[in-house]
Amino acid sequence: MDIESADVIRLIQQFLKEHSLHRTLEVLQDETGVTLNTVDSVEAFKDDIVKGRWDVVLTNVEHANIPHANLVDLYEQIIIELIELQDIGPARALLRQTEPMEIMRKSQPERYLKIEKLLSQSTLGSSISAYRGNEGNEARRLRIARKLVGQVSTAPANRLLTLLGQAIKWQQQNEGLVVAEGMPFD
């Protein structure tokens, strides 16, 4: 049986994510080029997008390898909604300080400038409507959710620990004791 090294790396990445070792996870992804595109539940992830729970969504996509075009659409939606709520500071920070929006600024400057213009206007109601056309928040969220759901998968929790426990039990049964007597391994 051959085990791909990328699969082993993903197991380690999942362990790091589950134990909130985010910097270590990021370094491992950078050094190996292997990314972990898992969420606890694909349905919950979709629901978070559709209901606009952006803090949870951003946490889930932070370390995932999502195509730039999809991230640009996601961040644009979040920024537009923040502008609608008159939450200008966070909207400005997302627009000017995130990688997806920097990609938009370079690759689609007109689109970027439209959002920048929305940020600077004092009466936003008609401007937001003109920016969006006939598509409302719910329709945009659903469209974005459909795109992002195809980019992630689920994985059972604690896979690495489960597999290590199974390996130790197998080795004990087939090759003798590998863990010191009385020492827990579960």
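How are H6 and H8 oriented relative to each other, roughly parallel or roughly antiparallel? I opened the notebook with this point, bearing in mind that the model is predicted.

**Entry 1: H6 and H8.** I looked up the two axes and found that helix H6 (residues 88-97) and helix H8 (residues 109-120) come within 11 Å and cross at roughly 160°. Angles over 145 degrees count as roughly antiparallel, and H6 and H8 are therefore roughly antiparallel to each other. I noted the crossing of H6 and H8 as left-handed. On the H6 side I listed Ile-88, Ala-91, Arg-92, Leu-95 and Arg-96 as making the contact, while on the H8 side the residues are Tyr-112, Ile-115, Glu-116 and Leu-119. Sorting the residues of this contact by class, I recorded six nonpolar and three charged, with no polar residue.

**Entry 2: H4 and H5.** I then turned to helix H4 (residues 54-61) and helix H5 (residues 68-84), whose axes come within 12 Å and cross at roughly 160°. From H4, I found Trp-54, Val-57, Leu-58 and Val-61 meeting Leu-71, Leu-74, Tyr-75, Gln-77, Ile-78 and Glu-81 of H5. The residues of the contact between H4 and H5 comprise eight nonpolar, one polar and one charged.

**Entry 3: Gln-14.** Is Gln-14 buried or exposed? I located Gln-14 in helix H1 (residues 5-18), and I read its relative accessibility as 5%. Buried means under 20% relative accessible area, so Gln-14 counts as buried. Setting aside neighbours within four places in sequence, I found Gln-14 in contact with Leu-36 and with Ala-155, Pro-156, Ala-157, Asn-158 and Arg-159.

**Entry 4: the chain as a whole.** I counted 11 helices and two strands in the chain, and reading along the sequence I wrote down the pattern α-α-β-α-α-α-α-α-α-α-α-β-α. Of the 186 residues in the chain, 35% are buried. I also looked up how far apart in sequence the contacting residues lie: among contacts between residues at least 6 apart, 59% join residues that are at least 24 apart. Finally, I noted an accessible surface for the chain of about 11,400 Å², with carbon and sulfur atoms accounting for 52% of that area.

Terms used:
Residues are numbered from 1 along each chain as its sequence is written. This is a predicted model: local features need pLDDT of at least 70, side-chain atom pairs count only at pLDDT 80 or more; totals for chains, interfaces and linings use all residues. Side-chain values use heavy atoms; hydrogens and water are left out. Axes are lines fitted to C-alpha atoms, for helices over the stretch in contact, and angles run from 0 to 180 degrees between N-to-C directions. Helices (H or I, at least four residues) and strands (E, at least two) are DSSP runs, numbered from the N terminus. Contact means heavy atoms within 4.5 Å. Ala, Val, Leu, Ile, Met, Phe, Trp, Tyr, Cys and Pro count as nonpolar, Asp, Glu, Lys and Arg as charged, and the others, Gly among them, as polar. Buried means under 20% relative accessible area, exposed over 50%, partly exposed in between (1.4 Å probe, protein chains only). Accessible areas come from the Shrake-Rupley method with a 1.4 Å probe; for residues, only the protein chains shown count as cover. Angles under 35 degrees count as roughly parallel, over 145 as roughly antiparallel, 65 to 115 as roughly perpendicular and the rest as oblique. A crossing is left-handed if the near helix is turned anticlockwise from the far one by less than a right angle, and right-handed if clockwise.
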